[in-house]
Amino acid sequence: MKSLSRVAAFALLCVMIVPLGMLASGDEKPLDGFSADSSRTERQWEEKFKAIPKPENLRAYMEHLSARPHNVGTPYDKENAEWIAAKFKEFGLDTHIETFDVLFPTPKERVVELVSGGPKFTAKLEEPTVPGDSTSSQHTEQLPTYNAYSTDGDVTGKLVFVNYGIPEDYDRLARLGISVQGAIVIAKYGHSWRGIKPKVAAEHGAVGCLIYSDPNDDGFKQGETFPAGPWRPLEGVQRGSVADDPIYPGDPLTPGIGATKDAKRLAVKDAPVITKIPVLPISYGDAKPLLEALTGPVAPREWRGGLGMTYRVGPGPATVHLKVKANWDLKTIYDVIGKIPGSTSPDEWVIRGNHHDAWVNGAEDPVSGLVAVLEEARAMGELVKEGWKPKRTIPLCAWDAEVTGLIGSTEWAEEHHDELQKHAVAYINSDTNGRGYLFAEGSHSLERFINDVARDVQDPETNLSVWKRHQLYAISTADDTDERNELRTRTDWRIGALGSGSDYGTFQQHDGVAALNIGFGGEDGGGIYHSIYDDFYWYTHFSDTKFVYGRALAQTAGTAVMRLADAELLPFEFGDFTDTIKTYVKELKTLSDKMRDDIIERNKELDEGVFSAAADPQDVPTAVSPPREDAPPYLNFAPLDNAADALTHAAAAYHAALQKAQANGGAALASASLNEVNQMLIENEQHLTLEKGLPGRPWYKHYVDAPGQYTGYAAKTLPAVREAIELKHWKDADAEIVVTAKVLEGEAKYIRDAAEKLSSAIH
Ligand SMILES: [Zn+2]
């Protein structure tokens, strides 16, 4: 690729006058998957496209879409869907709205009070109006602060502080000799998907769960609080779903099928994703009097937050009464789908999406990402008028009910499962967007592709490409020399694996459709996530205030969509994929070695009496030594090593076929019939799935990426093996190594077949 800084700086001066592609010299290396001629034409269309999105439009869309609360079930949620559909139609897209009826509980009663063991206190559970921020006063339309899919309950118990409430925190509590049996736990937000906190608390015998936002994490310890700055104010609360999405996302009553009018539904009481104990989120204003009423051991150093008090663990004497009751009605949701039909391969779909529903006004989450989709639609509509004919069909989607558990996208993808497996080339997602660096995560067969796209988009604050800026930023934050060396020498920067947290999950992990999630961020901190303060005022004062990163998102995602829709040969690549799988296998070996070493060391220390000698009986009189465990067996990783080897050979074979196809300006690509190869590439990601699904959670079919059962958002790669190791199920780990290796061997064979198909097609 050419040096982009010079080209990009030039583009800045003249993009409004002459599209950049028309200035570029003709001897440029063709884009992957394009012949020289079609690559030249593609670049011209892409440059025209990138000149169209306007920050002032993004701003106007946001002002409209975030003007009122628009959570699922509100009039404004439906109005927004209709407004987006009207815009898509105005831009020339073939548009319809698809509806589903889904379970969405809304609060009827919420009580948190300190009934004994401290000064009587009743939590406010309310976010006040902020002067100057006009939409913060829309109280009658705002959804109260709560966690959706908390079970109803009315419980009283001693309070215990459990740090972030993840499994290792309970190990630590056990060492302190503290049980949460019959207690109400209070956990900080962060370090896991919020639904993990009540799940783990219930597994340890707690009867209720409070989750609060500590100022150390997103409040005054980070910077000025709203409205003086972007961080979480005293009474700001993070709403959110606590459904156990790592079992299955989407409508809790219709796992695996679309929640249509007549779908067969589970009874609410039988839905396994609803929490076992009641849970409510609270502000740090409400949390402080509760935490101050705890005695017991001083919290471990890394548990202490930013409230300027001594954090103690309890239990009690603070005794808390927690009551949660919801209205468990079904609500109708509205997915907006606008299509640009493909000219020569209309049955191949390049899908782009972002959700439109929010917890309250949702200017950042999700509108900042959604407005880019709208400008992409407008820009593509203009290109079509100018004569652009994408080869493939482009569905642009605005999903409903994402914040409530990825419901709109999941129900749609479940309803269209068979079509997606046949037709979907890829799904490109965004969600929130802000100022800063491009991030990308997704299927590693698209790693090279998205890197190439990033090389062709300009960062609005520097004269660098967004690719270069990401690379330099990553060097500045790298952990060690090895990482810096790799960043400097590897052709592509690595993209992360998809876990959970937005609408890509169902496409990749249930349907086996290659997916990417992209956006900008990192320079715009904030603590308004899922609160009433995530609104137009906040966004236009503290985030991408000029909407230039909104434009960069539209340029990046739009370029990716166009390139996938126009390529002669779909630009999948398997070198980066194979390299990534090898790093995962290496991580698993390191993980199992470390767990073995830790257990052996701990047993040695138990023999020596280290724990009893080092414990301070005055400080923590209840402290106990950790339990002795058998040293784990050595696992046999040979099947995974062999599979990685097979992938290496297969990726090389595909690379060789690709080089042949791209030789002589890709002349062969222009004339060959590539339908069969492209169809194989469309179905490739499905070869990383198994119909039976992951152990214990059959909805999740992908054997490379899944959200963790005890982490939630964060991806677990090679999840069947990794989670067996983490749970110390050694026999299962050995068995799952064999299963996962078979999946990867199958993928290797598939790539070799695709290489052969490509070779014979270009002869
Ligand atoms: Zn979102």
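Helix H17 (residues 548–566) lies across S12, strand S13 (392–399), S14, S15 and S16, and its direction makes about 160° with that of S16. Axes here are lines fitted to C-alpha atoms, for helices over the stretch in contact, and angles run from 0 to 180 degrees between N-to-C directions; contact means heavy atoms within 4.5 Å. Helices (H or I, at least four residues) and strands (E, at least two) are DSSP runs, numbered from the N terminus. The model is predicted: local features need pLDDT of at least 70, side-chain atom pairs count only at pLDDT 80 or more, and totals for chains, interfaces and linings use all residues. Residues are numbered from 1 along each chain as its sequence is written, and side-chain values use heavy atoms, with hydrogens and water left out.

An open sheet of seven strands has the order S1-S11-S13-S12-S14-S16-S15, with mixed pairing, where two strands pair if DSSP finds at least two bridges between them. Strand S1 (94–103) and S15 each have a single partner strand, so one side of each is left without a neighbour in the sheet. Neighbouring strands of this sheet are turned by 20° against each other on average, direction ignored. Three bridges join S14 to strand S16 (residues 515–522) in the parallel sense, and isoleucine 428 is opposite leucine 516 in S16.

The zinc ion is coordinated at 2.0 to 2.4 Å by His355 (NE2), Asp365 (OD), Asp431 (OD) and Asp431 (OD). Donors are N, O and S atoms within 2.8 Å of the metal (3.2 Å for Na, K and Ca); water is not among the atoms, so sites may look incomplete. The donor residues follow the spacing H-x9-D-x65-D. Histidine 355 lies in strand S12 (residues 345–355) and aspartate 431 in the loop between strand S14 (424–429) and strand S15 (436–442), so the pair ties together parts that are 76 residues apart in sequence. Histidine 355, at 0% relative accessibility, is buried (under 20% relative accessible area; exposed is over 50%, partly exposed in between; 1.4 Å probe, protein chains only). Aspartate 431 is also buried, at 12%.

Helix H9 (residues 363–386) has 24 residues, which should span 34 Å at 1.5 Å a residue, and its end C-alpha atoms are 33 Å apart, in agreement; the expected span is 1.5 Å times one less than the number of residues. Of these 24 residues, 20 are buried, so H9 is largely enclosed by the rest of the structure.
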